[in-house]
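Visitor: I'd like a close look at a single part of this one, with a bit of context around it. Could you pick a residue and walk me through its surroundings?

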Amino acid sequence: MNRCALNLLKKSEGIVFINTCHSGRYQMHSCIPSGYRLGFVELFLRKGARGVIGTLGGVGDKYAAEIARDLMQACMDSPSLSVAALLRDIRAKVVADLGAEQTQDNLLAFIYTFMYVYYGNPMTVLRLTPAGGQTDD
């Protein structure tokens with residue numbers, strides 16, 4: 001993967017949302033001295049992504065799908081908010097839900113939602129493009 005050009009990533013100026021276990025963690029690299037850390041985040045940013053959303057650990061499939069859906073919905077509802085602000089608002093909602101009713105489902109949603117981390121410029125705004133690539137801009 002490190003040798004792939006990922007040209008479409010650079011051209012799209014998009015962000016990467018990756019739901020694999022520990023995708024948001026940096027890990028020590030045995031070939032590089034001085035404790036330099038590598039991971040998916042570093043790779044995607046180096047290849048041209050404007051930002052990367054990854055996880056600090058494994059997230060249940062049901063919750064991963066819900067969080068991805070919530071992020072896309074939040075982006076459509078508030079297109080001027082940055083990715084960091086959208087994640088903040090999604091986290092605030094799960095905190096409110098947990099405070100309103102503490103169920104196992106709400107507790108897992110709370111834990112999993114806070115496992116998502118964003119790397120990139122905190123002011124980056126996500127612009128969704130509809131099927132066919134046509135925008136209103």
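Guide: Quick ground rule for the elements: helices (H or I, at least four residues) and strands (E, at least two) are DSSP runs, numbered from the N terminus. On that basis the chain has five helices and five strands, in the order α-β-β-β-α-β-α-α-α-β from the N terminus on. This is a predicted model, where local features need pLDDT of at least 70, side-chain atom pairs count only at pLDDT 80 or more, and totals for chains, interfaces and linings use all residues. Residues are numbered from 1 along each chain as its sequence is written, and side-chain values use heavy atoms, with hydrogens and water left out.

Now for the residue: let's take Tyr63, which sits in helix H3 (residues 61-77). Tyr63 counts as buried because its relative accessibility is 9%, and buried means under 20% relative accessible area, with a 1.4 Å probe and protein chains only. Across the chain, buried residues account for 33% of the 137 residues.

Who does Tyr63 touch? Setting aside neighbours within four places in sequence, Tyr63 is in contact with Asp105, Leu108, Ala109 and Tyr112, contact being heavy atoms within 4.5 Å. With Asp105 there's a side-chain to side-chain polar contact at 2.5 Å (a pair of N or O atoms within 3.5 Å; within protein, one must be able to donate a hydrogen and the other to accept it, and residues adjacent in sequence count only if both atoms are side-chain atoms). Zooming out, of the chain's contacts between residues at least 6 apart in sequence, 71% join residues at least 24 apart.

Note on methods:
Buried means under 20% relative accessible area, exposed over 50%, partly exposed in between (1.4 Å probe, protein chains only).
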